[in-house]
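Here's a quick briefing to read alongside the structure. Have a look at the fold first, then we'll go through some helix packing and a couple of individual residues.

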Amino acid sequence: MTNNHMLSSTLRVTRRRSTKALNEIFRPFSARRSQSIAGVRVSPRIRGPMPANTSLSHTIDISVAIHDFSTSETANQVTCELYENDTESEEKWKKVGVGAPVRFSRNIEFPTKFAYQFTFERTQLIKVNICRCHDHDMASCSDDVMATSIFKVDELIGSFGLQLRRSLMRTTTIASTLSTSSRHSSEYLGGLIISAEMPEKEQPIVVQFHGKSIDRKDFLWDETAVFFRVFRLEEGKDDDSLVFLYESEAIKNHSHPQWAEFRLDTQDAADNRNRLLEIWVMYRDVDGTEGYIGKFLTTYAKMKYGPGPDNVYNVINDVKKAQKKSYEHSGKMELVKFTDVSFYSFLDYVVSGTQLHFEIAVDFSSAEPVHELDQRRFDGELHMAVRAIGGIIRDYTPNRLFPAFGIGAKIPPTFHESNEFFLNFSLDPICRGLDGVMDSYKKAQTLVTPTKESKLAPVINYVTRMSHRSGFRGLHYHVLAIFTRGSVSDLKDIQQAVNAASEAPLSVIIIGMGEGDFSSLQKISSRKKDANGKRECVEFFQMKTLLNGAETPAQNKSRIAERALRNVPNHLVHFMHNANIAAKPPIQVCRSPLFHSSSLIPDKPTQFSFEPDFPNKENPIPALMLSPDLSPRPRPDRRGSDSQYLDVETIRGALTVRIPERAHSVLQTSREQYQRRLKERGLARMKFPRVELSTLESSGGSTQDSSV
């Protein structure tokens, strides 16, 4: 309490309405610290430069609540403990914090918020223990743990609305959390609701003033320097209160001083848009004494108009104005720059709805015949790397579909050389899950013949075009991982493809496999931002430098993911900033695998209902009407909205498809385009009702088409 009082006293200048002379007010600022002179008590608070990465912090506040706690144990008060772990070892849990005790009940909301540092390229696990308290003391042993749950931070960040639901169990392990198998129902003790909040962001305003014909102390031998101070004015009944905000540098140029730009926090300068800012223009002599020249008033709302006649101010000295009738001003101050600055981080974009997509490309080529042992090592390292990188990105991918490509092989049926083919030898490169990618790779191995050289540019260009067509700008970002032995022959084309990729929402990660020569690929990835402003979007590393045979596979996977993805957040942020795309508050994103929407629509899955109306029961529903693989699978813990549906019937009324009314993929796509897409999925001859586009216009959606 005492510290807060002392802090507040150092932030204010109390100016009482006094008629005392001003000649004593403006002694050296350092000499007037915490002194009351002529009714003015001054205590400086000068802001320093912004700390590095303060606004780009990846810190979140985690809160915990329990729903329907059905334990047989009893307790007067309970608390929650949070532990973190970035490995798969049960022995490396580190305590994050302990919540305040609350009264035991079936539904509990813990008031404590835990600050946690999020790292994208690392698999971070958090364990929540619900413990009983003994006479306001925290849990003292493992027997006091009533229930527990483990979740991945990636799942929390990738979840819509920054809220995750998990089951409370009597006991749990990391292995059971990461596995897909269901837990034993007898251990279920209730639901755990984990919520995350973004900390309040710093949103400064950048201001710059220039002066003109500022009054001098002496008309002849004047060696004083002119500067200004900025205060926020708070009016009271008996006195005015000035909050000191900023002091400029002193310049020895009264005729036309040009001060450097400075930064003010929006909360300080514009807690009210019409909050008055009082700016004192002063001089400082060679001996350090200070003097008063004049002042003027402005507001945040007025400065927001920017440079112009409205933001040219007369510097007024009240004493001179009262003494001289012919007095006009003591110079002029002009606003030459005013900018609202908002710093957005990778976490801001992901939380606001940006989806990450993972593409894989495998180079089959080899300059020398590959020994069976080397091929097995290649397959094992490829499997480990795909699992490591994809295991991170898949939590930010709505449908977990991964396009996979092949490079440097002769492909059937004509066995011509190809440097751009689909790994699954289908009509599109999409594989279902990481298991689907590895199954496609194993199948392709038996069908293709490796070549001696390969070209990487065709695949980079293909994924670049795919990223441009992925949908609404800012809501999709792609990561392409290329695995190669280094037998590359198109270095100039690769550089041109990388330049084109720098203008797309894409990061390219080139991974060297084996003992090949990768010096040329290292040069491409080491080139920094060029004169044309092309952003960095390429990373390269050699797999053998990260593998350690003495460590566990989980440790090697963690090292691979950290090395591969460490710069992807910077790549994404630079692309968004270059494209002038701002992050928005958390939103809902449609995650239906059938209609892959790129716009903001209700998070409610497409629903299917079978209504056989055939008079003859022997006439079955056509088997090819809807492939089982294409039926939408709603994600667990989905929280739907109350939006209306559009009923779309297939032929003979056998199948009714219910589509969310605001689904932009439906409303923004022409009938012919959708008939073509549905035909590719085996849903041909669907009859769409006529839909008024007023719903789309009222929702503020984009008219940009999304591509699957």
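Among the contacts in the protein with a separation of 6 or more, what share comes from residues 24 or more positions apart? That share is 73%. Keep in mind that this is a predicted model. The protein has 17 helices and 34 strands, and 49% of its 708 residues count as buried.

**Helix 10 against helix 11**

- The axes of helix 10 and helix 11 come within 9 Å and cross at roughly 15°.
- Angles under 35 degrees count as roughly parallel, and that makes helix 10 roughly parallel to helix 11.
- The crossing of helix 10 past helix 11 is left-handed.
- On the helix 10 side, the residues are Ala457, Ile460, Asn461 and Thr464; they meet Asp493, Ile494, Ala497, Ala500 and Ala501 of helix 11.
- Sorted by class, this contact has 6 nonpolar, 2 polar and 1 charged residues.

**Helix 8 against helix 9**

- Helix 8 (residues 372–393) packs against helix 9 (residues 433–445) at an angle of about 155°, with 10 Å between their axes.
- The two, helix 8 and helix 9, are therefore roughly antiparallel to each other, and their crossing is right-handed.
- Helix 8 brings Gln375, Phe378, Asp379, Leu382, His383, Val386, Arg387, Gly390 and Gly391 to the contact, while helix 9 supplies Leu434, Asp435, Met438, Tyr441 and Gln445.
- The class count for this contact of helix 8 with helix 9 is 6 nonpolar, 5 polar and 3 charged residues.

**Helix 13**

- Helix 13 (residues 553–565) has 13 residues and reaches 18 Å from first C-alpha to last, close to the 18 Å expected at 1.5 Å a residue.
- Buried in helix 13 are Asn556, Ile560, Ala561, Arg563, Ala564 and Leu565.
- Those buried residues of helix 13 pack against helix 8, strand 30, strand 31 (538–542) and helix 14 (568–578).

**Two single residues**

- Gln208 sits in strand 14 (residues 204–212). With a relative accessible area of 18%, Gln208 falls under the 20% cut-off, so it counts as buried.
- Beyond its neighbours within four places in sequence, Gln208 is in contact with Trp259, Ala260, Glu261, Glu334, Leu335, Val336 and Lys337.
- Ser520 belongs to helix 12 (residues 519–526) and is partly exposed, at a relative accessible area of 24%.
- Ser520 and Gly486 are 34 residues apart along the chain, and their C-alpha atoms are separated by 8.8 Å.

Definitions and conventions. Residues numbered from 1 in each chain as written. Predicted model: local features only at pLDDT ≥ 70, side-chain atom pairs only at ≥ 80, totals over all residues. Heavy atoms only, no water. Axes fitted to C-alpha atoms, helices over the stretch in contact; angles between N-to-C directions. Helix = DSSP H or I, 4+ residues; strand = E, 2+ residues; numbered from the N terminus. Parallel < 35°, antiparallel > 145°, perpendicular 65-115°, else oblique. Left-handed = near helix turned anticlockwise from the far one by under 90°. Contact = heavy atoms within 4.5 Å. Nonpolar A, V, L, I, M, F, W, Y, C, P; charged D, E, K, R; others polar. Buried < 20%, exposed > 50% of the residue type's maximum accessible area, 1.4 Å probe, protein only. Expected span 1.5 Å × (residues − 1).
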